[in-house]
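Colleague: I would like to learn how to read a model of this kind. Please take me through the features one at a time.

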Amino acid sequence: MISPELKKVILKELNLDDFDLKDETTAPEVPGWDSLNHINIILAVEEYFKIKFKSYEVLRLKNVGDLQKLVDSKTGKK
C-alpha cells in the first residue's frame, strides 16, 4: 500500500492535486510522469525521507509499489 507521505511527494513533483496511486501503478499511467520527472521524483523522495538510493535500485523499480517497498526498506519500515 502506498503511504500518504510517498503519495504526497510524488503528486507534488508532478503538480497533481490528486491521483489514485496503487502498488501496480506505473509511470506512464500517471499524467506528467516522464523520464525527467522520474528523476525529480526520485530526488524528492530521497530528500523527503532523508535516504539515498543506489542507481541499480532505481533501475529495478517497475511500479509505485516497488518504490514504496524500497522506501520502506531504507527507512526501516516493513
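Modeller: Start with packing: the buried residues of α2 lie against α1 (4–13), α3 (55–60) and α4 (64–75). Helices (H or I, at least four residues) and strands (E, at least two) are DSSP runs, numbered from the N terminus. Packing rests on contact, meaning heavy atoms within 4.5 Å. This is a predicted model, where local features need pLDDT of at least 70, side-chain atom pairs count only at pLDDT 80 or more, and totals for chains, interfaces and linings use all residues. Residues are numbered from 1 along each chain as its sequence is written, and side-chain values use heavy atoms, with hydrogens and water left out.

Colleague: Which residues of α2 are buried?

Modeller: Buried means under 20% relative accessible area, exposed over 50%, and partly exposed in between (1.4 Å probe, protein chains only). In α2 the buried residues are N37, I41, I42, A44, V45, E46 and F49. An α-helix has 3.6 residues a turn, so residues three or four places apart point the same way.

Colleague: What span does α2 have from its first C-alpha to its last?

Modeller: The expected span of a helix is 1.5 Å times one less than its number of residues. Helix α2 covers residues 35–49, 15 residues, and reaches 21 Å, close to the expected 21 Å.

Colleague: Where is N15, and is N15 buried or exposed?

Modeller: N15 belongs to the loop between α1 and α2 and is exposed, at 70% relative accessibility. N15 is not a glycine, yet has a positive phi of about 55 degrees.

Colleague: And what does the side chain of S3 approach?

Modeller: A polar atom of the S3 side chain lies 3.1 Å from the backbone nitrogen of L6. S3 is in the segment before α1 and is buried, with a relative accessible area of 15%.

Colleague: Which residues touch the most other members of the largest nonpolar core?

Modeller: A nonpolar core is a set of buried Ala, Val, Leu, Ile, Met, Phe, Trp, Tyr and Cys residues joined through side-chain atoms within 4.5 Å. In the largest one, with 22 residues, they are L6, I10, V45, F53 and L67. Two or more residues each come from α1, α2 and α4, and α2 gives the largest share, five residues. Beyond its neighbours within four places in sequence, F53 contacts I42, V45, E46, V58, L67, L70, V71 and K74.

Colleague: How many helices and strands does the chain have?

Modeller: Four helices and zero strands, in the pattern α-α-α-α. The radius of gyration is 11 Å, close to the 12 Å that the globule rule gives for 78 residues, so the chain is as compact as a globular protein of that length. That radius is taken over C-alpha atoms, and the rule is 2.2 Å times the number of residues to the power 0.38. Buried residues make up 38% of the 78 residues.

Note on methods. A polar contact is a pair of N or O atoms within 3.5 Å; within protein, one must be able to donate a hydrogen and the other to accept it, and residues adjacent in sequence count only if both atoms are side-chain atoms.
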